[in-house]
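Biologist: Could you walk me through this one? I have not looked at it before.

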Amino acid sequence: MRGRENRLRKDRLLRAALLSAALVIAGPAAAKAPPARIVTLGTMAGPMANPARAQPATLLQWPGGMVLVDAGDGAVEQMARAGINAVPLKSVVITHIHADHVGGLFALLTRRYQLMDPPLTIYGPPGTRTMVDGLVAAMAPLRLTSPALPGAPLRDPADSVKVIEFADGADLMIEGVRVRAAANTHYLSGSHAPDPAAAQSLSLRFELPGRSVVLTGDTGPSEALIELARGADVLVSSILDLDAAVAAIRASRPDAPPAFFAAARAHFAQHHLSPEAAGQLAQVAGVKRVVFTHIGITPSRMKVAKAELARTWRGPAVFARDLGAY
């Protein structure tokens, strides 16, 4: 018995020595997996199209997993341009149902169906199931026209996608990652607000390997979002130049009364984050870094926007580019 215990002890010591040697040879990278990265596939504030930047889509990627957050127009092509193999993608998360955040879903679903890729699970706020059901219904002709291989059995498009709806306060696991959600202030308020049971705009927090990442989605100032973002490693925030947005409306409606433009600016300020508001959110929440996407700022106004941001945020910040990794 004593001889057997000695052999086991020697085996354990040998394995520990081999492991230590392997870590020394491979370096620190082998001892600790690299943190998850954030790939900004599309960074344009929609729904207007832009020749230089794609509509909102952000990929969260880590060794062994990835999640696509929002799927604006061109999301499929942007993944290809970023050199990302989309076949292993299993999960898509939608922050809210606006055209610029969901316009690329049909392309994603139909291409994967035709190529016989693995099924997707789409997570999203109330209304996501109705939307996806409509997209699946529109795929019916593909069942007859696009089997990938000769003689391949016809498949029901509904088998290629699953929907899981979630809402304010949700705390769930996606791809082994904890995800929390908070309803924000993007949708109309007061008597014009949609029924929360039917529609919500959500901000999301992902506890990814090596870093916590909060995506604001589209929102205005929000106490719930501040609490969600507390101490996060990275805040991926939308941002909008309020004055430029009003100026664009003024150019298209020069005869409108001043009260109209004042109301438009108040609307934008409630439903979107100005540079100052975005900086204040980051500062109060105590995040470590900010990555701006869904950027509603023209190049000519970027210097002004950065100066406005500096009034409230003193930490590191980057204005993301399409296909950037952070």
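Modeller: Let me begin with a term: two strands pair if DSSP finds at least two bridges between them, strands being DSSP runs (E, at least two residues) and helices such runs too (H or I, at least four), numbered from the N terminus. This is a predicted model, where local features need pLDDT of at least 70 and side-chain atom pairs count only at pLDDT 80 or more, while totals for chains, interfaces and linings use all residues. Residues are numbered from 1 along each chain as its sequence is written, and side-chain values use heavy atoms, leaving out hydrogens and water.

Biologist: How do β7 and β8 pair?

Modeller: β7 and β8 (residues 177-183) run antiparallel and share four bridges, with Ile174 standing opposite Val177 in β8.

Biologist: And what is the strand order in the open sheet of seven strands?

Modeller: The order is β7-β8-β9-β10-β11-β12-β13, with mixed pairing. β7 (171-174) and β13 (317-319) are at the edges with a single partner strand each, so one side of each has no neighbour in the sheet.

Biologist: Which helix packs on the sheet?

Modeller: Helix α11 (residues 275-285) does, touching β11 (234-240) and β12 (290-296), where contact means heavy atoms within 4.5 Å.

Biologist: Changing topic, how many residues has the largest nonpolar core?

Modeller: That core has 29 residues, and Leu59, Leu68, Val92, Leu105 and Ile122 have the most contacts inside it. Such a core is a set of buried (under 20% relative accessible area, 1.4 Å probe, protein chains only) Ala, Val, Leu, Ile, Met, Phe, Trp, Tyr and Cys residues joined through side-chain atoms within 4.5 Å.

Notes. Buried means under 20% relative accessible area, exposed over 50%, partly exposed in between (1.4 Å probe, protein chains only). Axes are lines fitted to C-alpha atoms, for helices over the stretch in contact, and angles run from 0 to 180 degrees between N-to-C directions.
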